[in-house]
Amino acid sequence: MSTENPASGLGEGTRAVRAGLPEPVKHEPTLPGPVFAAHYHLPGEPTGPYAYGRDQNPTWTLLERAIGELEAPGQDDVETVAFASGMAAISAVLFSQVRSGDVLVLPSDGYNVLPLAGEQLRAYGVEVRSAPTGGNAQLDALDGARLLWIETPSNPGLDVCDVRRLSEAARARGCLVAVDNTLATPLGQRPLDLGADFAVASGTKQLTGHGDVLLGYVAGRDPALMADVRRWRKIVGAIPGPMEAWLAHRSLATLQLRADRQNVNALAVAEALKGRPEVTGVRYPGLPDDPSHKIASQQMRRYGCVVSFALPTRARADRFLDALRLVDDATSFGGVRSTAERRGRWGGDAVPEGFIRFSAGAEDTDDLVADVLRALTVAAD
């Protein structure tokens, strides 16, 4: 059961701008600067929130509060734990919740580092099952499972599953649910409200949006489960730097502005791509005819900034990327500057050689679409 506070009535932009800010103090900055401290004054018994820099930091506290306000607006029973990267956050949930003899269900089409975590867990005696995101196929793998890991929309294929339906099915079997919310961000989707036990994300991507911070987080309502996650962070020391945490908090203020422009751009690029005969497999959940649109429209408020598609050959894809002027050939996604990459160059993703993952930035829509169409024409020569 959630506890409402006045923040629940605020608009998303207002909430993003003010998320996590402390009470105002005369002559103090609105958002206090980063606290660089390995230790704190601690006479007598070690009571109070801050004792040692690996355990807690005032800059993390404000960031974690801010993210919690976005993941579960107005709900004071949500706890957030920040990490040094998205994979640190993912690992914290996996390795704190699953034991030898347990069953873990992963998406077979998720982030390509997930299988490495699965291999390590198998070595520890965990049974790891996998099924595709699309069609709610993970439902068939739930019997006897301890933890279901959902990634929706999936990366890089952009399939979507029904989080509420999967969560209800998992709960009926005594199975925990974690949702990777990286592609959607809290402004696009709120997994905790859809029944998940954990919302997990890489803050490196659209959440912070400037390509200058590595960060991750886990949010959840169950105090015991979150205590396990926090304990894992303490054990492995996967803590965010105070400067990174401060930069992330600063960046949240523009999240709605960035997300709205990037969503508009992503849809415009996807629509333009569908009009090109050399382009196949265009996927974007915001397209009315996308296979994921119906489910996405029921659980997402924004469809994200990533578009995927394929060109006929690897060489054609490389020429396209070379011809782009406003789009950087770079990995990752979610930044204010558009990026694209031929995803097959990394291995690990079951995609064609000419498959492109395109992340729409915050450029003017007409400029971005024109650049994409021009590059497609150049690549055809």
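In this predicted model, the axes of helix H2 (residues 58-71) and helix H7 (residues 242-252) cross at roughly 35 degrees and come within 9 Å. The crossing of this pair, H2 with H7, is left-handed. On the H2 side, the residues that meet H7 are Thr59, Trp60, Leu62, Leu63, Ala66, Ile67 and Leu70; their partners in H7 are Pro242, Ala245, Trp246, Ala248, His249 and Leu252. Sorted by class, the H2 and H7 contact comes out at 11 nonpolar and two polar residues, with no charged ones at all.

H2 itself runs for 14 residues and spans 20 Å from first C-alpha to last, close to the 20 Å expected at 1.5 Å a residue. Of those 14 residues, 10 are buried, so H2 is largely enclosed by the rest of the structure. The buried set takes in Thr59, Trp60, Leu62, Leu63, Ala66, Ile67 and Leu70, along with Glu64, Gly68 and Glu71.

H3 brings Ser91, Ala92, Val93, Phe95, Ser96 and Gln97 to the contact, and H6 answers with Leu225, Asp228, Val229 and Trp232. The class tally for H3 with H6 is six nonpolar, three polar and one charged.

Methods
Residues numbered from 1 in each chain as written. Predicted model: local features only at pLDDT ≥ 70, side-chain atom pairs only at ≥ 80, totals over all residues. Heavy atoms only, no water. Contact = heavy atoms within 4.5 Å. Helix = DSSP H or I, 4+ residues; strand = E, 2+ residues; numbered from the N terminus. Nonpolar A, V, L, I, M, F, W, Y, C, P; charged D, E, K, R; others polar. Expected span 1.5 Å × (residues − 1). Buried < 20%, exposed > 50% of the residue type's maximum accessible area, 1.4 Å probe, protein only. Axes fitted to C-alpha atoms, helices over the stretch in contact; angles between N-to-C directions. Left-handed = near helix turned anticlockwise from the far one by under 90°.
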